[in-house]
Amino acid sequence: VRNLKLEHEQEKNKILSEALETLATEHHELEQSLVKGSPPLSIISEEQFYDAVSDSESEKSLSGFETTTAFSLEDSMDSKDTITSGVSEEKVCGSGESLSNGIKKHRTSLPSPMFSRNDFSIWSILRKCIGMELSKITMPVIFNEPLSFLQRLTEYMEHTYLIHKASSLSCTTDRMQCVAAFAVSAVASQWERTGKPFNPLLGETYELIRDDLGFRLLSEQVSHHPPISAFYAEGLNNDFVFHGSIYPKLKFWGKSVEAEPKGTMTLELLEHNEAYTWTNPTCCVHNIIVGKLWIEQYGNVEITNHKTGEKCVLSFKPCGLFGKELHKVEGYIQDKSKKKLCALYGKWTECLYSVDPATFDAYKKNDKKNAEEKKSGKQVGNTEESDEMPLPDSESVYVIPGSILLWKITPRPPNSAQMYNFTSFAMALNELDKEMESVIPKTDCRLRPDIRAMENGEIDLASEEKKRLEEKQRTARKNRSKSEEDWKTRWFHQGPNPYTGTQDWLYSGNYWDRNYFNLPDIY
């Protein structure tokens, strides 16, 4: 009886899969008929990827918040001329030119614009992967963006000014407001970033020193299965330390991919002898099979001040049925007896405000009443939740009278759409000059040939190099298992988080001494 049931289920599964494939193919052909131009034919055909996808030994793990198999409907580069002029300008200042105040000028463009992904249907790869562990899927390089996940992680630091501001404040509640704004701003760069960062190789590192923003950061890929990235950042004026480790747990739901970034963030404000800890919200990329990709963040983020006992509980709202809650964030700062000290609200893609909790509650009550009146006046038909991207609210964030602006997003550069939707901060992450090359260790991901090739627009070379590096990593792992040799991390070690007691990766020190020896040859 069980065998019969199994056969029926398999048959049903086959029929559904074929129907979905037909739908995806028709949708893709429809898109193709609307799109002009196509990328190089030599990139990759579907058939080439079937073997790789079913390779259970595959070490190409999908790591990252929304490190999903990403594909979107960018048009071919109509504005190539304007991009090229930006590139040539950037090359001039790449030779070490400084601003008048002596701070290094960073590039404002990538060497080459991104390729159109219109000729590639993500379904051609994913249809072979239903039921498989996502970390075993090989993705064509066309779905990547030219950054390693270690560099993507560094984008947490884009709004470091909020940490410096927190350090300068005397009131604990005001400091918590700035820390909460920093935690929200840390995920803002993910909006519309549907390209998958390259999976870091075991032992890969990345460093970034930004004198203008007042910090330096080091990160290392400390584990490959599961993929774990550890980082440690410190203020150049010794005012803060920010560290943590991220293990992105991925789930494929058919139409969407959900990434839960497991791991604790720890921020220490040294002048106040305070430590704050929190975890990041879950990220979800919708319309993996057909339609326009869109991203949402949801879940509760609880920030704890371990010295005072104050907590900030933020709720990243899921989109909801009609998109009314899309990107919304709201919550309260409470003292240790759970008394509300202040309310926070905004959107993680735009801004965050603080307001008196009584004012906020009154506004929410009134807003709910208005919504119910509207609802009763309309007959709601279809209640099935859709994966289609809802239209953004016309009013964006309504500013409640008496609110204080804590953080506002920096607008993206005009060429962002042609540059993988990068922010200005992300644009400079893979920058490499001669002076830097002579200082950084050979494991730094700026020296990774596949990422460099993709950034330069050499997509075929990037694909070849990616395969070579992954094969080299597999061979090294097999050799270690034969000799029963354990992998040793260089700059981080496992230990309990000093504030939460949970297992964490802690900085071992000495990286900035620049004494690099016995480093693994990973590239």
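What share of the contacts in the protein with a separation of 6 or more is accounted for by residues 24 or more positions apart? In this predicted model, such residues account for 67% of those contacts. The protein contains 12 helices and 18 strands. Of its 523 residues, 53% count as buried. The accessible surface of the protein comes to about 24600 Å², and carbon and sulfur atoms contribute 52% of this area.

Helix α6, spanning residues 161-168, has Leu-162, Ile-163, Ala-166 and Ser-167 as its buried residues. These residues lie on the same side of α6, because the arc they cover around the axis is only 145 degrees. The elements that cover the buried residues of α6 include helix α7 (172-185) as well as strands β6 (240-252), β8 (265-269) and β16 (404-408).

Val-313 is located in strand β12, which comprises residues 311-316. With a relative accessible area of 28%, Val-313 is partly exposed, because this value falls between the 20% limit for buried residues and the 50% limit for exposed ones. Apart from neighbours within four places in sequence, the residues in contact with Val-313 are Val-301, Glu-302, Glu-330, Gly-331 and Tyr-332. A separation of 8.1 Å is found between the C-alpha atoms of Val-313 and Gln-334, which are 21 residues apart along the chain.

An unreviewed UniProt entry places the feature "coiled-coil region" at residues 6-33 and 452-486. In the model, the chain over residues 452-486 is 80% helix and 0% strand, and the end C-alpha atoms of this segment are 30 Å apart.

Definitions and conventions. Residues are numbered from 1 along each chain as its sequence is written. This is a predicted model: local features need pLDDT of at least 70, side-chain atom pairs count only at pLDDT 80 or more; totals for chains, interfaces and linings use all residues. Side-chain values use heavy atoms; hydrogens and water are left out. Helices (H or I, at least four residues) and strands (E, at least two) are DSSP runs, numbered from the N terminus. Buried means under 20% relative accessible area, exposed over 50%, partly exposed in between (1.4 Å probe, protein chains only). Contact means heavy atoms within 4.5 Å. The arc is that of the directions from the helix axis to the C-beta atoms. UniProt positions are given in the numbering used here, feature names are shortened, and annotations may be inferred rather than shown by experiment. Accessible areas come from the Shrake-Rupley method with a 1.4 Å probe; for residues, only the protein chains shown count as cover.
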